[in-house]
Amino acid sequence: MKTPPGAVTSLLLRLDPRTSTPLHEQIFEGVRTRILSGALAPGWRIPSSRQLATELEVARSTVLQALDALAAEGYVVARAGASTRVAPELPIAPEDRTRSTPSRVSRGPRLAASARARKSSPVGAPRLGSAPRAFRPGVPALDLFPTALWGRTVTRVHARASTGLLDGGDPLGHAPLREAIAAHVSASRGVRCVAAQVFVTAGTQQAFDEVLRLALDPGDAVWVEDPGYPGVRRAVLAAGGRPVPVPVDPEGLDVGAGMARAPRARVAVVAPSHQYPLGATLSLARRMALLHWAERTRAVIIEDDYDSEFRHRGRPLTALQGLDEAGCVVYVGTFSKSMFPGLRLGFFVAPPSLVDAFASARATAPAPASSLEQAALAVFLAEGHFARHLRRMRVAYRERGEALLDALRADCAGTLTPRPCDTGMQVSASLAAPLSDLRVRDEAARLGVEVAALSDYFLGRRREAGLVFGFGGVRPDALRAGTRTLARALEAARGR
């Protein structure tokens, strides 16, 4: 018997009963994929539910469930007493029928991003969410985080959640968390503030965005460290500001150079306690010069204090905000580095003169982050768990930092010159000429090691080639294996 035109005798589907995906969903996705790819044309008749059940060795009810879902979404048309056919008018445009399966990304039409978006694209950044490898910067020691304790805290808070927490929360941030943060930064960082000055954010980047949008008019100049954190440049551009690169040396931001390049800049963004990526500490003389400049010109200083709580020996340095008598400094902190990146909780401390402006801007906004997680973090801080975790991490990071420096000296001597490392979770190293740090970075990635190229952090003229290593998330036994692989990458880059 011949097959009528526009009919198929078999869909050639393959089901896998071992996966967690239900069989009816596998059938639905298989038929849908064939329709979208054009293998099943509009109006074609597909096998009956009984025939498909026999062919696929499943219950007829399973097939009917899949066909009902296809009909509900408009892919097939099924009429009582008649055959089931591919819909004559599919719910997609004809030119889209040849698109690939969802596991592959189709290019589609060429859409142009705005000039601002192109300027603010990240450089040399790893894909977020991918598994970290040695030596990705910015990854904390997730293997040492007290996951069970945090889980119990979250569960306890969820079980006792009030309707206020479930309703969405305060746009300024959960009040007990703001109080706990104020107490913590006052004691550990010398920040002078009360809870009303603390604003909770969904991480450091949101803090930069919010402060810059409030402080800047279009075209205003902003001092940014050079080399420096690329996220700062993106935030400045997004707020309509004009980033002015100010060089960094062993004493930190060159305040004199900043005043020469943009004496009336509206904002300066600095990491005074542990500059990223060079690791410099802003000297006391430059701290005072920066504060005097800001007071004289009525500029805003954004202090990025991303990981300075992890000073390896002695107590952490006092924050710049603690020296500010004129109320010019906005202090920005994060829990992504001290706890885990997925928490996505940060904060900033506003000067008294700006508190009302920030509160008004937040008045009609949604809560900055999950109120339940904010509440759990407040308990974690208030009960002393966070302080104990920080003490443990300081010891671990000192051990891992020293192990990395020893491994670099043993495996990469003569090619890399590491800078001293007394704070945080990363170290930078100068690269001997004429090697290109971009080439070394790419060769290392090819061999399975992830380092950052110092060249990617410069906004102005690139003055130095080097590499940036994160060691916080790397176990000590993996550090030496990583530097040996890096040595091979250096040889490969030199050969090219």
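**Salt bridges and cores**

Let's start with Asp-143. Its relative accessibility is 31%, so Asp-143 counts as partly exposed. One caution before I go on: this is a predicted model.

Which residue does Asp-143 meet in a salt bridge at 2.8 Å, N to O? The partner is Arg-400. Now look at where the two sit. Arg-400 is in helix H14, residues 385-411. Asp-143 is in the loop between helix H4 (115-119) and helix H5 (147-159).

Is Arg-400 buried or exposed? It is buried, because its relative accessibility is 5% and the cut-off for buried is under 20%. Arg-475 joins Asp-143 and Arg-400 in a network of salt bridges.

How many salt bridges does the structure hold? The count is 18. Let me show you two others.

Next, Glu-325 and Arg-192. Their side chains meet in a salt bridge at 3.5 Å, N to O. Glu-325 lies in the loop between strand E8 (300-304) and strand E9 (329-334). Arg-192 lies in the loop between helix H7 (175-189) and strand E3 (198-201). The pair therefore ties together parts that are 133 residues apart in sequence. Glu-325 is exposed, at 69% relative accessible area. Arg-192 is partly exposed, at 43%.

Then Arg-419 and Glu-464. Their closest N and O atoms are 2.6 Å apart. Both ends are in loops: Arg-419 between strands E11 (416-418) and E12 (426-431), Glu-464 between strands E13 (452-453) and E14 (466-470). So this bridge ties together parts 45 residues apart in sequence. Glu-464 is partly exposed, at 24% relative accessibility.

Now the nonpolar side. The largest nonpolar core has 66 residues. Which of them touch the most other members? They are Trp-150, Phe-335, Met-339, Leu-377, Leu-416, Phe-469 and Leu-486. Helix H14 gives this core its largest share, 8 residues.

Take Met-339 from that list. Setting aside neighbours within four places in sequence, Met-339 is in contact with several residues, including Pro-140, Leu-142, Phe-145, Trp-150 and Leu-377. Phe-380, Phe-386 and His-389 are also among its contacts.

Last stop. Another core, of 24 residues, lies apart from the largest one. Its members include Ala-215, Leu-216, Val-330 and Phe-348.

That's my tour. Thank you.

Methods
Residues are numbered from 1 along each chain as its sequence is written. This is a predicted model: local features need pLDDT of at least 70, side-chain atom pairs count only at pLDDT 80 or more; totals for chains, interfaces and linings use all residues. Side-chain values use heavy atoms; hydrogens and water are left out. A salt bridge is a side-chain nitrogen of Lys or Arg within 4 Å of a carboxyl oxygen of Asp or Glu. Helices (H or I, at least four residues) and strands (E, at least two) are DSSP runs, numbered from the N terminus. Buried means under 20% relative accessible area, exposed over 50%, partly exposed in between (1.4 Å probe, protein chains only). A nonpolar core is a set of buried Ala, Val, Leu, Ile, Met, Phe, Trp, Tyr and Cys residues joined through side-chain atoms within 4.5 Å. Contact means heavy atoms within 4.5 Å.
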